[in-house]
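Morning, everyone. Here is the structure I want to walk through today. Please have a look at it first.

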Amino acid sequence: MAYYRALGRLPRQRHTQLRDDDGHLFREELMGEEGFSSDSSLLYRRGVPSAITDSQVWELPDQSRTPNHPLKPRHLRLHDLDTGACPVEGRRLVLGNNDVRIAYVVTGTDPSPLYRNAIGDECVFVETGSGVVETVFGVVPYRAGDYVVVPRATDHRWVPAEASRLYAIEANSHIHPPKRYLSKYGQLLEHAPYCERDLHGPDETFEVEGTDVEVLVKHRTSAGIVGTRLTYATHPFDVVGWDGCLYPYTFNIEDYMPITGKVHQPPPVHQVFEGWNFVVCNFLPRKVDYHELAIPVPYYHSNVDSDEVMFYVGGDYEARKGSGIGIGSISLHPGGHAHGPQPSAIEASLGVQYFEESAVMVDTFAPLELGEGGRAVEDPAYAWTWAGRGPAASGGSTDDGGPAVYSNS
Ligand SMILES: [Fe+2]
């Protein structure tokens, strides 16, 4: 995020002394990406950021994944998923691959433990609820419709003010605006559907005193994703000032300016962010296509190179009428398989001027596998909803347990 911010106390020049009134020298820490070659921030701390006094195993929730085999489009009902109440430890893995994982949690109002994801950036979409995220950079308020982007290795904790439905996109890379939205030096361009004013970082530094403070760290080994409980000699929230282009921020879908056209516009116009091997898009309330013969719902499309995940969060999703998809649903449309509207939705959309839909999409270039949470809330009937009948009606297998005949109405 090449958008410079500065908060709190800083020396006039970097890498020079900063002392408090008693002469205590603050410790300078550079948090930087890609080996001193990308965005970074300089933090000035009271304590020593590397001072740990213990390291123990943190047992993560089930991270197992099941391949999408035999190949099927999937419908997962996230509102049927029972999760733990902790915004971090209560997350259940819904979908994932080696580039990105999607987890879901319905929080209570107790704060999470201190946590950092040492694997990659997190982009947590707030479906409902509000609260704050306390971080080493300061406090970031969140509300429904926010993407909360937390850079890799940022110590933080979630403090919900109310129960919150959180859709956590956890990358193995960094998450940032699409390069095509940016000038060659990193400013968001005029054609981008949002700009720097829409990105909300911390407003002031945030200090907490403490000793022997535990931080949960999610990281990787050759055996996969694991967790460690590190105990720090002093509280990690000891930053008196920082500056740079690396920090957590929020962006709310209300501030996204949808790009519309005379005929149907393809999903890349709805893009918000991207990471390595995946993109994040959102489909939001908007005027739709104004050609006199336009078909407002999408044409059928084969994403030959990607899996497509839609999370339906609000409004009335025109293209999916008759499919069983509703608010809180996820659809997974795998690469190599065409998908599109339910047939009856095409005629019904003709002449429509405005869509009220809200959905968040993640497209991945590598196939997604089902997490244990996704497997727990799958609607087995979904794959057959375009045909109106499933394998039992044609004499095939019924091992998915779904009914044999479905309505497209
Ligand atoms: Fe699609």
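Buried means under 20% relative accessible area, exposed means over 50%, and partly exposed is in between, with a 1.4 Å probe and protein chains only. Strands here are DSSP runs of E, at least two residues long, and helices are runs of H or I, at least four residues long, numbered from the N terminus.

A word on what you are looking at. This is a predicted model, in which local features need pLDDT of at least 70 and side-chain atom pairs count only at pLDDT 80 or more, while totals for chains, interfaces and linings use all residues. Residues are numbered from 1 along each chain as its sequence is written, and side-chain values use heavy atoms, with hydrogens and water left out.

Back to S28. Why call it largely enclosed by the rest of the structure? Because seven of the seven residues of S28, residues 358–364, are buried. As for the two directions, side chains in a regular strand alternate between the two faces of the sheet.

Now the partners. Two strands pair if DSSP finds at least two bridges between them. Strand S21, residues 278–283, runs antiparallel to S28, with six bridges. Within that pair, Asn282 sits opposite Val360. S24 also runs antiparallel to S28, and there the count is seven bridges. Val309 faces Val362 across that pair.

Next, the metal. Which residues coordinate the iron ion? The donors are His301 (NE2), Glu308 (OE), Glu308 (OE) and His339 (NE2), at 2.0 to 2.5 Å. Donors are N, O and S atoms within 2.8 Å of the metal, or 3.2 Å for Na, K and Ca; water is not among the atoms, so sites may look incomplete. Along the sequence, the spacing of the donor residues reads H-x6-E-x30-H.

The geometry is irregular, because the four donor atoms subtend angles of 56 to 174° around the iron ion. For the cut-offs: four donors count as tetrahedral if all angles lie between 85 and 135 degrees; four count as square planar and six as octahedral if opposite donors are over 155 degrees apart and all others between 65 and 115; anything else is irregular. Glu308 is buried, at 6% relative accessibility.

Setting aside neighbours within four places in sequence, His339 is in contact with Tyr299, Tyr300, His301, Asn303, Glu308, His333 and Trp386. Contact means heavy atoms within 4.5 Å.

There is a record to compare. An unreviewed UniProt entry places the feature "binding site" at Tyr317 and His339. Both Tyr317 and His339 are in the lining of the second largest pocket. A pocket is an open set of points on a 1 Å grid over the protein atoms alone, where a 1.4 Å probe fits, with protein on both sides within 12 Å along at least five of seven lines; lining residues have an atom within 4 Å of a point. A caution on that entry: annotations may be inferred rather than shown by experiment, feature names are shortened, and positions follow the numbering used here.

So where is Tyr317? It is in the loop between strand S24 (307–314) and strand S25 (329–333). Tyr317 is buried, at a relative accessible area of 15%. Beyond four places in sequence, Tyr317 is in contact with Phe283, Met310, Tyr312, Glu357 and Ala359.

Last stop, a sheet. It is open, has eight strands with antiparallel pairing, and runs S5-S29-S7-S8-S15-S10-S13-S19. Strand S5 (65–66) and strand S19 (249–252) are the edges, each pairing on one side only.

Take S7, residues 92–96. Four of its five residues are buried. S7 pairs antiparallel with strand S8, residues 100–106, over four bridges. S7 and S8 form a hairpin with three residues between them. Leu93 stands opposite Ala103 in that pair. With strand S29, residues 369–371, S7 has two bridges, again antiparallel. There, Leu95 stands opposite Leu370.

That's my tour. Over to you.
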